[in-house]
Amino acid sequence: MTADEYVRRVNYWLADLPWRTKQELLSELRGHLSELPEGTDLASLGPPEQYAVDLRAAAGLERRRGAIAFVRARRPRNLILTVVALTAIGLAIGAVAWIDSYQPLATGNLSVDPAGAKSSPFRDADSVVFHRGRRFQFGVSVLNTGRFTVRVRGVTLPPGLPFSARLMMSQPQKNRGGISEPFTRFHPFDLKPGQVSLLFFKGVFACRAPENPVGVLGVVDFPVRFSFLWRIATADLQLPTQLAIVFPKGVRCP
C-alpha cells in the first residue's frame, strides 16, 4: 500500500468530519508518513480505519451524522459551486415555465361586425342572417398588454364557418382608442408592448361545410396565433359581443 492510498483510506473513515478539521488531520498524517524511513511497511501503522479511530480519539472528535454534518464535511468551494448550479437550474426551469405561460394578448376596444348585424335575443350576442354571396366582414382589435414584443402569426378559426374571406390587418400602432388605415392583407408582424392592430376577415358568405347547420351557428372567440421566443401558441380572445349566424329555414348548400 502506498502512502497516497493510505491517506485516501483514512480520509474515507473521516468523511463525516468538518472539511477543514479533516484536512488538518490528513496534513498531520502526510507529515508523519513523509518522516518514515524509505521502504517502511505501512502495515506497521495498523489498518487505515483503526488509524482514523486513533486520530479521532486524539483530537476528541466523535462521529457525526445528519444533514448538517454532511454539509459541513463538504469543501466550501464545492458547496458554493453546487448552490450556484442549483440556483441556475432553478432559474432556468422557472424561466421556461414562465415563457410557456406568457400570453399578453387581449381584445382591444374595436370590433368589425358583419353588415346587417343586429342585437340578438341570445344573451350578449349580435345576430346576422346567412345569405350566400353577400358581403361579410368580422374581426377585433388585438392589444399587447405585456412587457415584451410578440409576433402575431395569424388567426385560426375553426373549419366549416360559413364564409370565404381573406384576413386583413392594420399596421401596429399605439393604443389611442382608434385604428388608422390603411388596411392590408395579413402578414406576420411584431406587436410591441402597448401596441394594437385590427385583424378582420373580409369576404362573402359561402358554403364551407358539407351541409349548413340548422338554426344558429355561434362564434364566441377570436383565436390569434402568436410566438414569443421559441414558443408558438394560440390566444383565444373573447369577442366583445358574440356573433350568431342565423340560417333561414330551408337553406341548403350543394
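Me: Is Ser197 buried or exposed?

Reply: This is a predicted model, so read every value as computed from it. A residue counts as buried when its relative accessible area is under 20%. Ser197 has 1% relative accessibility, so Ser197 is buried.

Me: Where is Ser197 in the chain's secondary structure?

Reply: Look at strand β10, residues 195–205. Ser197 is placed there.

Me: Which residues does Ser197 touch, leaving out those up to four places away in sequence?

Reply: Val140, Ser141, Val142, Met169, Ser170, Pro172, Phe189 and Leu191.

Me: Now the whole chain. How many helices and strands does the protein chain have?

Reply: Five helices and 12 strands. The protein chain has 254 residues, and 34% of them count as buried.

Me: What share of the contacts joins residues at least 24 apart in sequence?

Reply: Take contacts between residues at least 6 apart in sequence. Of those, 73% join residues at least 24 apart.

Me: Why look for nonpolar side chains in the interior?

Reply: In soluble globular proteins, nonpolar side chains tend to be buried together. Now the case here. The largest nonpolar core has 35 residues. Leu105, Phe138, Val155, Leu199, Phe222 and Val224 touch the most other members.

Me: Which elements give two or more residues to this core?

Reply: They are β4 (135–144), β5 (150–155), β6 (163–170), β9 (189–191), β10, β11 (216–228) and β12 (231–246). The most comes from β12, with six residues.

Me: Which residues are in contact with Phe138, apart from its neighbours within four places in sequence?

Reply: Val112, Leu157, Phe200, Phe201, Val219, Phe222, Leu239 and Leu243. Another core lies apart from the largest one. That other core has 13 residues, including Leu14, Leu17, Leu29 and Leu42.

Me: Which residues make the nonpolar surface patch of about 320 Å²?

Reply: Leu86, Ile89 and Ile93 make it. Find Ile89 in helix α5, residues 76–101.

Note on methods: Residues numbered from 1 in each chain as written. Predicted model: local features only at pLDDT ≥ 70, side-chain atom pairs only at ≥ 80, totals over all residues. Heavy atoms only, no water. Helix = DSSP H or I, 4+ residues; strand = E, 2+ residues; numbered from the N terminus. Buried < 20%, exposed > 50% of the residue type's maximum accessible area, 1.4 Å probe, protein only. Contact = heavy atoms within 4.5 Å. Patch = residues over 30% accessible without salt bridge, like charges linked within 9 Å, V, L, I, M, F, W, Y side chains within 5 Å. Areas by Shrake-Rupley, 256 points an atom, 1.4 Å probe, with all protein chains shown as cover. Salt bridge = Lys/Arg side-chain N within 4 Å of Asp/Glu carboxyl O. Core = buried A, V, L, I, M, F, W, Y, C linked by side-chain atoms within 4.5 Å.
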